[in-house]
Amino acid sequence: MAKTANSPKSFESAIAELESIVQEMETGNITLEQALEHYQRGAGLLRYCQETLQAAEQRVLQLENGALAPLDNPEDRRSPE
């Protein structure tokens, strides 16, 4: 995932910017040209977030040797009554 001048600094900053874009577009107080620019930026941010999440998933899979361990379920530890 190559960083460019317009790349967000982090996943969290990308999410925050996406939320801001959505709020601004929902107001309806922007021009068509601004809406198109926002849509284009939002699409890029969405792609960045998806790629970041996919990379994180791959790291987790590597850490778990390709098999995610199930979470401990407290119900499984109870002794039979």
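In the predicted model, His38 makes contacts with Ile21, Glu24, Met25 and Ile30, once residues up to four places away in sequence are set aside. His38 belongs to helix α2, which spans residues 32–63, and its relative accessible area of 18% places it in the buried class, because that class takes in residues under 20%. One of the residues touched by His38, Ile21, is also a member of the largest nonpolar core.

That core consists of six residues, namely Ala14, Leu18, Ile21, Leu45, Tyr48 and Cys49. The elements that contribute two or more residues to the core are α1, covering residues 11–27, and α2. In soluble globular proteins, nonpolar side chains tend to be buried together. Within the core set, Leu18 may be taken as an example: apart from its neighbours within four places in sequence, Leu18 is in contact with Gly42, Leu45, Leu46 and Cys49, and of these partners Leu45 and Cys49 are themselves listed among the core residues.

Side chains of opposite charge can pair when their charged atoms come close.

Further along helix α2, Gln50 is partly exposed, with a relative accessible area of 44%. Although Gln50 and Phe11 are 39 residues apart along the chain, their C-alpha atoms are separated by 9.5 Å.

With regard to the protein as a whole, three helices and zero strands were assigned, so that the order of elements from the N terminus reads α-α-α. Of the 81 residues, 15% count as buried, a group to which His38 belongs. Among contacts between residues at least 6 apart in sequence, 65% join residues that are at least 24 apart.

Technical notes: Residues are numbered from 1 along each chain as its sequence is written. This is a predicted model: local features need pLDDT of at least 70, side-chain atom pairs count only at pLDDT 80 or more; totals for chains, interfaces and linings use all residues. Side-chain values use heavy atoms; hydrogens and water are left out. Helices (H or I, at least four residues) and strands (E, at least two) are DSSP runs, numbered from the N terminus. Buried means under 20% relative accessible area, exposed over 50%, partly exposed in between (1.4 Å probe, protein chains only). Contact means heavy atoms within 4.5 Å. A nonpolar core is a set of buried Ala, Val, Leu, Ile, Met, Phe, Trp, Tyr and Cys residues joined through side-chain atoms within 4.5 Å.
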